[in-house]
Structures are given as structure tokens and as C-alpha cells.
Amino acid sequence: MQSHCVAMLASRGHVLRPLRRACHGLAAPAWATVDPATLSAAAPAEGMNLCGGSWAKAKRTQDIVDPLNGEVFLKVPNTAMDEIEPYIQRMAAVPRSGLHNPFKNPERYVMLGEVCGAAAREMFKPEVTDFFIRLIQRVAPKSYAQAGGEIKAVRTWLQDFSGNNVRMLAESQGLPGDHVGQSTVGYRMPFGGVSVITPFNFPLEICGIQSLSAVFMGNQCTTKVDWKVAIVMEQFLRMLHSVGLPKSDIDFIYCDGPVFNEVLLRGDAKMTLFTGSQRVADKLAVDLKGKVKLEDAGFDWKILGPDVMDVDYVAWQADHDAYGFAGQKCSAQSMLFMHENWTKPDVDIVGRLARLAGQRSLKELTNCPVLTWPTEKFLAHMDRVLAIPGASLAFGGKELADHTVPPQYGAVEPTAVRIPIEALEDPPSFEVATVELFGPFQVLVDYKEGQQSKVIEAINRMPNHLTAGIVSNNPRFINEVLANSITGTTYAGARARTTGAPVQHWFGPSGDVRAGGIHTKHAIQLCWSSHREVIYDVGPVPAEIPAQS
Ligand SMILES: NC(=O)c1ccc[n+]([C@@H]2O[C@H](COP(=O)([O-])OP(=O)(O)OC[C@H]3O[C@@H](n4cnc5c(N)ncnc54)[C@H](O)[C@@H]3O)[C@@H](O)[C@H]2O)c1
């Protein structure tokens, strides 16, 4: 199998090294319906919808191209407006009290804990780990390590929610009453028919964790993943079914955004967890009358404080945060504020970053195709940032040489534009400099001692508050920044980063009443359940009935 896989990839002029490393000769798991080793124009794989426990095709299919060479290697359902009625009916028919709640079908909490345990064990099998890594790499080409990170995160999370931990999500809180027979108990109740919408960049982690989180709390979920990568979630669902998840707990649909918008409106989705761009987030918040939780755009900053330490490590982390998976993470470092101590010749953080960025390559998939910013659009935006007074190109800025990435995607060098902090005081320049370019691009901002208030002012004017890093071991500096900012997931200290939140961390934006979260018990309860108070008052009644009031 290994030689077949390598030969096939080579015959299509594929980037070989990282994929070859993945082709261990392990057969695809029995529950899988695609094989990442054979996905090709010669033998395109086919995706399927899942509704009410049955897998089915749509009348039309959508071609999905291999991001590394533009060949159609996948055909998925292109579900049309006149085919969505079954999804609408299913969503609308879910009881308001959900599939389970603390009073109804509590066996399901136990069952779901068992499913998580069995799913984690399945994902520990070398052939299953390898299968998911290779499949992610085919649809969202990222390095073996980056793709492996998703599998590790999901597996650990499934372990965390094995056994009694699903049940414990529905833990209630009680208080003694005013008299005998009275007590008050707060319960976590589901919403009913809900949905999860996720983008292309984490084909397994976000959709897998959010869909299961919805079900844990008693909801029935309809999941829609960007169809460029949704084949991964389809396979994950097939794996979950093989370890006991009821097939009707999660419906799954391949369609474009407007079609799913219609499903949500007509199915009266009681709650939608949207992960993706700001534009769609804001549209859904209005369309769905606020019944949303949002994991929206990320324009993420990192501040290098006045105290310089661990320079090699800080540079390595900054490169990783800005350019891992070519910056296509909501948590990618978009703006790096550099105290003047970090740009002195003996420290030269910019030179270090340039050297690290220069080592990244498409061959190794340490630089990757950019799936939502074609090269031309990327370079045009870079030019707009370069037009800011005082701006200069720090490194990168060119299209990659000798690549086969199709023109609808981007193939560019890891790039940084450097500007002085004063430039951010000009509103039009600020607006240009803080656009979330979902690719290998960051803005480096120079600031001097005494200009910390300008840095804080800038980070608070940014529209998004998802992740941030404060690189300093000075508690007063850290506190000054923490006290005057609101970012949802913030790392502070010499090892501060913006990306790579493990599943024991809350991950999500802050400072917005619509803010959702992922991973933790608190995130799951907040997004997928609401509080209900039951006051038990069973008597005995008093011997004398009180006077009327
Ligand atoms: N905050 C987070 O945790 C997080 C995580 C990952 C990505 N993101 C953000 O996602 C963005 C990148 O992804 P993108 O540009 O592909 O996002 P996008 O908003 O274009 O698409 C996201 C999903 O929404 C669907 N969609 C589009 N229009 C819709 C509509 N009207 N109704 C229902 N669904 C609709 C898409 O088909 C896709 O599945 C970035 O802004 C990034 O910061 C955020």
C-alpha cells in the first residue's frame, strides 16, 4: 500500500514528503467510506448526507478540488433548496425538552459517556489516527504535526467525557428552602433542535466537538461543515455510529451557506453555534433573532513586553503562531507589538522571525495553500498595508515559485509588514492594518518605552477579542495589560502564545454577549443548555392558614 500510495501521489505531481510520511501502509478502518491514499481525479470519493439515521445522496453533486493540484478528487452532495424539507421537519419536530434532560431518558447521559470512551479507544488505534491525519491533510493540507494535533485534541476530549462526565455536565445545584418540604434546584435543560456550522480550517476538531457537545446536553443537532472539508466529519460520524452513537442524534448536510440558512429559518433552530467569518456571524445573529453563540473572526495580537528573555523560544513561538497552517487559524497571530528592547541589534526579533519564516516550505506543508485568499487578493491586501505611512516589508511578500496550487487558492510566502505604533492612530490606517487576512500574514508594530498606553488603546479598538499573548514575566506589566483588555483566551508569560489551545482550556471570544466557547464543561453548558429552576414545595402545609395578604 505504501508504494502504491507514493506512486499515485507522485504521478500527479503531488507534494510528496509529508504525505509519504503519512502513508504507513495502514488500511482504512472498516467503518470508513473513503481512503485518503486513493482520493484522486481517477477515482474521486463521494460524500453523503445523513438525515434521520439514513445516508443519502442529493440530486446534484459539488466538485471538490485537491488544494495541491486543482484536480477534482471528491464529489459531495450539493443539496438544493427543494431537497431540504426532511431536515427542516426533523429539526422542527424535536421536543422543546430535548432528547434527554435530567428528568427524561437520563440513560442517554450514560450511553453518551460510553460512546465517548469507545470513540477515544477507537481513535487510539494507529490505523484510525493515521486515517484521520491523512484525510485532513488531503482536504486542508497542513503539516503532519498540525493535522495530528486535531486528532490528539479530539481524542483527549473524548477521554475527558468518558464515563460519568457527560452526566456531570447536567449537574444541578440545590438550596434549602424556607420551610420543611421546600427546596430549590437549578437544572441544565436542552434547547431541542439545534445546529452547528463550522468552517474549513479544523475539519475534525471544531465540528466534532461542538456537535457532540450539543448532543451531550440533550439536543438533536444538524451539522453543516464547509463542504471543502466536510468529508472528515462524515467519516467521524461513521466512526461514532460504529461505537454506539444513535444514528439519528446528529443530522449532517452538505450544502452551501444560503441553503443551510433556509434550513435554520424554517426549522426554527433553537440555538446555532456558528464558527466562521464575522460577516456570516452577524447575518445569522439577525436572521435567527439572537438564538446564536458565535465563534467568529479572530484578529489576534501578541505583545512583546519590555523585559527581553528566552529570545529563541519567543521567536519560535511567534513564527508558529503566525505561520502554522499558513496562518489559517482563527487564533493566528495577526499583529505583533514589539517593544523597542526586542528590536535592538543583539536581539533582532524581526531577523529571527524572517529566518524561521524562510525555512517554511510547501513541500513539507509547513507552508500551505491558502483556501480563502487567492494569491492576487493576498498581495493586493499586502500592498494596502504597505501604503500605510511608515510601513515597510519585513519579509516575504511574493507568490511561491514552482507550485501547482490552483488559482482559486493562494500560494504565498509567509509575510510580515512592519509599521510604527503611531500609524494605528490614523483611523483609515488602523482599519487596513487590522483586517483579518486568513493566510500567512502578520503586521509587526514597533513601540517604544512610554507608549504602552497606545498599545492598549489599539488592542481595545480591534473588533475581535479571541486570543492574545502577553510575552513578559513582569507581573506588573502583565497585570496592566490584563486589567485593560478583554480577549477571551489570553496567554501571559515568557511562553505566551496565541494558537494551540489544548482541550482543557476554554477557547472562545470575549466581550460580546453572543460569545460562544468550546472544549470545557463551562463552554458546553453555556452554549448548549439553559438554566431552569424547580422549586419543590411538597408540604406539610401549616396547621393554620396564614391571613390574606
Ligand atoms: N472563533 C473561532 O473559534 C474560529 C475558529 C475557526 C475559524 N474562525 C473564523 O472563520 C473564518 C474562516 O472561515 P471562512 O472564511 O471559511 O468562514 P465562512 O463564514 O465563510 O464559512 C463558515 C461556515 O459558514 C457557512 N455559511 C456561510 N454562509 C452561511 C449562511 N448564510 N448561513 C449558514 N451558514 C453559512 C459556510 O458554508 C461554512 O460552513 C475566519 O474569520 C476565522 O477567524 C473562527
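Which side chain meets that of R418 in a salt bridge?

Author: The side chain of R418 meets that of D446, with N and O 2.7 Å apart, and a salt bridge here is a side-chain nitrogen of Lys or Arg within 4 Å of a carboxyl oxygen of Asp or Glu. This pair links distant parts of the chain, since R418 lies in strand β16 (residues 415-420) and D446 in strand β17 (residues 441-447), 28 residues apart. Helices (H or I, at least four residues) and strands (E, at least two) are DSSP runs numbered from the N terminus. R418 has a relative accessible area of 25% and is therefore partly exposed, where buried means under 20% relative accessible area, exposed over 50%, and partly exposed in between (1.4 Å probe, protein chains only).

Before going further, please keep in mind that this is a predicted model, in which local features need pLDDT of at least 70 and side-chain atom pairs count only at pLDDT 80 or more, while totals for chains, interfaces and linings use all residues. Residues are numbered from 1 along each chain as its sequence is written, and side-chain values use heavy atoms, with hydrogens and water left out.

By the salt-bridge rule, the count comes to 25. One of them joins D321 and K302, whose side chains meet at 2.8 Å, N to O; D321 belongs to helix α12 (residues 311-323) and K302 to strand β13 (residues 300-304), so that this pair, 19 residues apart, links distant parts of the chain. Both D321 and K302 are buried.

Helix α12 also holds D319, which forms a salt bridge with R360, the closest N and O atoms being 2.9 Å apart. R360 sits in the loop between α13 (349-358) and α14 (375-386), 41 residues from D319, and again distant parts of the chain are linked. D319 counts as buried because its relative accessibility is 6%, and R360 is buried too, because its relative accessible area is 16%.

Salt bridges can also join into a network, as they do for E85, E262 and R266. Behind such pairings stands a general point, namely that side chains of opposite charge can pair when their charged atoms come close.
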